[in-house]
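Please open the model in a viewer and keep the selection panel at hand.

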Amino acid sequence: MNPWYKRLALLVRLSLADLWHDRNVSLCMAASLVAVIAPLLLLFGLKHGVVSQLQQELLSDPRNLEVKMLSSGHYDQAWLQRLQQRPEVGFAIGQTRSLNTQADLLGERGRFVDNVEVIPTAANDPLLASEFSALQADQLILSERAAQRLEAKVGDSVRLRVSRRLNEVNERGERTLRVQAIVAAVRFARPAAFVSPELLLDLEHYRDGYLVPALGAGSGQSLEAVGVGYARARIYARDIDSVAPLEQWLNQQRIETSSRLAEIDSVKAINHVLGLIFGVIAGAALIGCIASLVGAFLANIDRKRRDLAVLRLLGFTSSAVAVYVVLQALLLSLTGFVGGLACYYLGSLLFDQLLGSSQATGAFICHITVWHGLVALLLALLVAGLVALIGAVRAIRIQPAESLREL
Amino acid sequence: MLEIKGLRVVRGQGPQSHAVRLDALQLRAGEVWAVTGESGCGKSTLLEAIGLLLKPERLDCYLLGSEQHDVARLLAGEQHAALAALRSRELGFVLQSGGLLPFLSVRDNILLPRRLLGLDAHSHAVEKAVAALSLTPLLDKLPQALSIGERQRVACVRAIAHEPRVLLADEPTAALDPHNAQRLFELLLELVAELGLSALLVSHDWALVERFGLPRLGAINGQGETRFEPLV
């Protein structure tokens, strides 16, 4: 006897020859598969395209991930660390009291901006999304508006000035900072200076009347006994799904918050509804497809009963005949899948061409990934293979003796 | 080549059952026997039993092939795989309607038994038979493009393609006109003689069998049973 792979190769050749010889019927069966696979791929592509686009829009704006603390309180370093270590938190940084988050900036040639927002930042700040956001105490990042007014460029020096009234005397603290980067107006519209958290704390302490040598102050109380404390925090969730639990955790501590949970929820709801619609349609299509395949395969086996009996007579085992039947089903579904994929490709091109440029719909995307395609292929092969097994059970019962008799 | 003793096959159940009996048959290499009888007397049943397609109710002895395989023992042990292997190696079948696979060319149909057994595609015997039956110009055609006579000739070549020891033919000329029937008979007998096979030809065409002077296994009908005996 032949080794198994040679016998399998012979079976594959016979299957192909049979399908090709019978190409009208093969085409019909493959076409019925295309009729199911192509619309399902298109529908899934639309669902996936629309939902992933909405999600991308959500993610591209860091404000969607932000959980704002509405009121000020007093939080120590330990609390902040606990917050930062929570799995839902992507980024959190302590902020001082809002009165102390303003300062004047002085540039070259007498340029200045007063009462600029001073915002603390650190590495991986989603608001800046800049590699330079890990700042030293003598560095800062300017928003585009602030940089314009100061006519400052990256690498320039800018002086940051705060004033206080201590013991009936007006004092000014000042520090020279180097511009590390400039944030585009799309990311942050108002004039602002992003600084390291230490510098922000220095500003607050200076205003509170402490001795802060970094700002050139020679008077005031010593800072030694003062612990680090924050009035609030700027918090971003790790991802879209973390916003709700994070907000809940804060609310449990009686911290009032606001977030864009409603927008997130509506995207999730759209995903859910589209998923449900897709599921129901796919289920209905699948049932119809299976029913039609079962009928087609069984009828095909009855039609080819004599040929199968001859194969048995020539010495093919009953399992070889079953493999033959299943092979044909797999080859047909492969053809159907390739056809369906081609139809999907044309359809998605059409969608993107006709609807993609329209203002009303925005960028309209019909999209599946390679993995989706592979999963769909496996599903198609699985369904065809299982259905063919029903036929194979019938084919196994065909006896070689049947070839001797006229049917 | 083939030796059978005490074979009895039963077809059907209860009062409708019909038994077919063959007390003794010995076929030597180069010998051709005809099996004759009326329609429905059990000729095909006998052929199926000899062709290892039907399990007999009783079988005293059945030796097959040059290596004298003990078929009776395999049947008793229900060793279906071994029986199927033996069948595909030692036996060649010519079917009433050819039984060619419609999706394979004549050449591929003829070579299929050799491919299945893993034999070399080039066979002197096959080339000779193809030439003798003037099938060379038809080799690349599909069976549907052939006349019935041509198809039966292809079926004959396919039956001997894997060089079996015994050829079993079930009314190979039934679908042919008398002239073509005689021609096929002639060719079949030449082929068998050339290759030194044993052959068993089922036929209801007694005249044809007599014209070629073949020894006959005749059907003797009894109550619910048909007995096949050599007629002299």
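Begin by selecting helices α7 (residues 261–303) and α10 (residues 370–396) of chain A, which pack at an angle of about 35° with their axes 9 Å apart. Axes are lines fitted to C-alpha atoms over the stretch in contact, with angles from 0 to 180 degrees between N-to-C directions; helices are DSSP runs (H or I, at least four residues), numbered from the N terminus.

This is a predicted model, in which local features need pLDDT of at least 70 and side-chain atom pairs pLDDT 80 or more, while totals for chains, interfaces and linings use all residues. Residues are numbered from 1 along each chain as its sequence is written, and chains are lettered from A and ligands numbered from 1 in the order in which they are written.

Next, display the contact residues (C-beta atoms, placed from the backbone, within 7 Å). Those in α7(A) include Ile290(A), Phe297(A) and Ile301(A), and those in α10(A) include Val383(A), Gly391(A) and Arg394(A). The residues of this contact divide into 12 nonpolar, 1 polar and 1 charged.

Now select the interface: 25 residues of chain B are in contact with 21 residues of chain A. On the chain B side, α1 (43–50), α3 (80–90) and α4 (106–117) each supply at least two residues, and α4(B) gives the largest share, 5 residues.

Finally, select Leu167(B), one of the residues that touch the most other members of the largest nonpolar core, which has 115 residues. A nonpolar core is a set of buried Ala, Val, Leu, Ile, Met, Phe, Trp, Tyr and Cys residues joined through C-beta atoms within 7 Å, buried meaning 20 or more other C-beta atoms within 10 Å. Helix α2 (residues 23–60) of chain A supplies the largest share of this core, 12 residues.

Technical notes
Two residues are in contact if their C-beta atoms, placed from the backbone, lie within 7 Å. Ala, Val, Leu, Ile, Met, Phe, Trp, Tyr, Cys and Pro count as nonpolar, Asp, Glu, Lys and Arg as charged, and the others, Gly among them, as polar. A residue is buried if 20 or more other C-beta atoms lie within 10 Å of its own, exposed if 12 or fewer, and partly exposed in between; C-beta atoms are placed from the backbone.
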